[in-house]
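Got the viewer open and your selection tool ready? Let's take a walk through this one together, stop by stop.

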Amino acid sequence: MNLKEYYERIEGDYSGVVSRLMNEKLVMKFVIKFLDDTSFDLLCKSLEEGNNEEAFRAAHTLKGIAQNLSFDKFYKSVYEITEELRNGGSANEATFERVKADYLYLFETTEQLRADNE
């Protein structure tokens with residue numbers, strides 16, 4: 001799979017991210033670095049522990065990553081949970097499940113992209 005196909009699969013904005021980061025090689029570098037980010041694990045742990053403040057920070061970080069890399073579908077779900085957690089609020093279980101499903105699909109597809117381009 002090439003980068004354009006990847007963005008089609010994840011329902012992202014390929015042309016937007018390439019335009020913003022100026023070239024496909026740089027986009028690929030940052031997309032692959034996404035695999036090393038621990039914010040989703042922190043979000044899960046914080047929600048489990050009832051630490052909504054830390055969960056908000058983790059969700060907000062994920063939202064920034066999604067926005068910067070034009071992961072549009074994931075951005076929409078992580079935006080929603082970020083807003084639920086803002087100002088000490090709590091996350092709706094259905095929202096978290098949507099974030100989790102979108103994240104896992106994004107992560108697995110990114111792993112496939114990396115394998116296909118090694």
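What follows is a short tour of a predicted model, with something to select at each stop.

**Stop 1: the core**

Start by selecting Tyr-6, Tyr-7, Leu-43, Phe-71 and Phe-74. They have the most contacts inside the largest nonpolar core, which has 30 residues. Helix 5 gives the most, with 6 residues.

Now keep Phe-74 and show what is around it. Setting aside neighbours within four places in sequence, Phe-74 is in contact with Leu-62, Ala-66, Val-99, Asp-102, Tyr-103 and Leu-106.

**Stop 2: helix 3**

Next, pick residues 24-33, which make up helix 3, and highlight Val-27, Met-28 and Val-31: these are buried. Why do they end up on the same side of helix 3? Because they cover an arc of only 100 degrees around the axis. The buried residues of this helix pack against helix 1 (3-9), helix 2 (14-21) and helix 7 (93-116).

**Stop 3: a glycine in helix 2**

Select Gly-16, which sits in helix 2. Is Gly-16 buried or exposed? It is buried, because its relative accessible area is 17% and the cut-off for buried is under 20%.

**Stop 4**

Most residues other than glycine have a negative phi. Two places here go the other way.

Go to Glu-11, in the loop between helix 1 and helix 2. Glu-11 is not a glycine, yet it has a positive phi of about 60 degrees. With a relative accessible area of 47%, Glu-11 is partly exposed.

Then jump to Ser-70, in the loop between helix 5 and helix 6. Its phi is also positive, near 55 degrees. Ser-70 counts as buried, at 4% relative accessibility.

**Stop 5: salt bridges**

How many salt bridges are there? The count comes to 7.

Lys-73 lies in helix 6 and Glu-11 in the loop between helix 1 and helix 2, so the pair ties together parts that are 62 residues apart in sequence.

For another one, select Arg-57 and Glu-54, whose side chains meet in a salt bridge at 2.6 Å, N to O. Both lie in helix 5, 3 residues apart, about one turn of the helix.

Now find Glu-83 and Arg-86, a salt bridge with its closest N and O atoms 2.7 Å apart. Glu-83 is partly exposed at 32% relative accessibility, and Arg-86 is partly exposed at 30%. Elsewhere, salt bridges that share partners join Glu-11, Lys-73 and Asp-102 into one network.

**Last stop: a lysine without a partner**

Finish with Lys-63, in helix 5. Lys-63 is buried yet has no salt bridge. The nearest side chain of opposite charge is that of Glu-83, 4.4 Å away. Beyond residues up to four places away in sequence, Lys-63 touches Tyr-75, Val-78, Tyr-79, Thr-82, Glu-83 and Arg-86.

Note on methods
Residues numbered from 1 in each chain as written. Predicted model: local features only at pLDDT ≥ 70, side-chain atom pairs only at ≥ 80, totals over all residues. Heavy atoms only, no water. Buried < 20%, exposed > 50% of the residue type's maximum accessible area, 1.4 Å probe, protein only. Helix = DSSP H or I, 4+ residues; strand = E, 2+ residues; numbered from the N terminus. Arc of directions from axis to C-beta. Contact = heavy atoms within 4.5 Å. Core = buried A, V, L, I, M, F, W, Y, C linked by side-chain atoms within 4.5 Å. Lys, Arg positive; Asp, Glu negative; His and termini not counted. Salt bridge = Lys/Arg side-chain N within 4 Å of Asp/Glu carboxyl O.
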